[in-house]
Amino acid sequence: MARKVVSRKAKAAEAEAAEKQATAKKRATKKRASTRKTKKKAAEDVRLKLYWGVFSQNLKRVAVFEFDQKKEAEKRATELSKGGKSPHFIQKVKEEIKLEGE
């Protein structure tokens, strides 16, 4: 039996045609998926207030001071750290405040 001669050009053209069909199908599915839009919820206005917090080494909040009372917060932290106890430190704390109209 004689073998059938296969043309490389014909095989290449076949492969390109198959590839084009596959990409066309992918594009069609991508377009359908991208047309669906979801609405985002409107972000509520959240008001935050800044405080100084005195924390223990275990990250437990021991005391809270107004933001303009940093010196008092530092004094409290050094006071609690004296006597070989665990060290205390201060850190900014943001807390949500509720608006009066709600």
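**Close-up views of a predicted model**

**View 1. Ser-56 and the residues around it.** Ser-56 has a relative accessible area of 10% and is therefore buried; the term buried stands for under 20% relative accessible area, exposed for over 50%, and partly exposed for the range in between (1.4 Å probe, protein chains only). The structure is a predicted model, in which local features need pLDDT of at least 70 and side-chain atom pairs count only at pLDDT 80 or more, while totals for chains, interfaces and linings use all residues. Residues are numbered from 1 along each chain as its sequence is written, and side-chain values use heavy atoms, with hydrogens and water left out. Ser-56 belongs to the loop that lies between strand S1 (47-55) and strand S2 (61-66). Helices (H or I, at least four residues) and strands (E, at least two) are DSSP runs, numbered from the N terminus. When residues up to four places away in sequence are not counted, Ser-56 touches Val-62, Pro-87, His-88 and Phe-89; contact here means heavy atoms within 4.5 Å.

**View 2. His-88 in its loop.** His-88 is placed in the loop between helix H2 (70-81) and S3. With a relative accessible area of 17%, His-88 is buried. The side chain of His-88 reaches the backbone oxygen of Ser-86 at 2.9 Å. This is a polar contact, that is, a pair of N or O atoms within 3.5 Å; within protein, one must be able to donate a hydrogen and the other to accept it, and residues adjacent in sequence count only if both atoms are side-chain atoms. Residues up to four places away in sequence aside, His-88 touches Val-54, Phe-55, Ser-56, Val-62, Ala-77, Leu-80 and Ser-81.

**View 3. The pairing of S1 with S2 and S3.** Two strands pair if DSSP finds at least two bridges between them. S1 and strand S3 (residues 89-97) run antiparallel and are joined by nine bridges. S1 and S2 also run antiparallel, with five bridges. Tyr-51 stands opposite Val-93 in S3 and opposite Glu-66 in S2. Gly-53 has Val-64 as its bridge partner in S2.

**View 4. Leu-59 in the hairpin of S1 and S2.** Five residues lie between the two strands of this hairpin. Leu-59, in the loop between S1 and S2, has a positive phi of about 65° although it is not a glycine. Most residues other than glycine have a negative phi. Leu-59 counts as exposed because its relative accessibility is 61%.

**View 5. The largest nonpolar core.** A nonpolar core is a set of buried Ala, Val, Leu, Ile, Met, Phe, Trp, Tyr and Cys residues joined through side-chain atoms within 4.5 Å. Seven residues make up the largest one: Trp-52, Val-54, Ala-63, Phe-65, Ala-73, Ala-77 and Leu-80. S1, S2 and H2 are the elements that give two or more residues to this core, and H2 supplies the largest share, three residues. Ala-77 is in contact with Val-54, His-88, Phe-89 and Ile-90, leaving aside its neighbours within four places in sequence.

**View 6. Two aromatic pairs.** Rings of Phe, Tyr and Trp (its six-membered ring) pair if their centres lie within 6.5 Å; planes under 30 degrees apart count as stacked, over 60 as edge-to-face and the rest as tilted. By this rule there are two aromatic pairs. Trp-52 and Phe-67 are stacked, at 5.3 Å centre to centre and with 10° between the planes. This pair links distant parts of the chain, 15 residues apart: Trp-52 in strand S1 and Phe-67 in the loop between S2 and H2. Trp-52 is buried, at 8% relative accessible area, whereas Phe-67 is partly exposed, at 37%. The ring centres of Phe-55 and Phe-89 are 5.9 Å apart and their planes are at 20°, so this pair is stacked as well. Phe-55 in strand S1 and Phe-89 in strand S3 are 34 residues apart. Phe-55 is buried, with a relative accessible area of 12%, and Phe-89, at 30% relative accessibility, is partly exposed.
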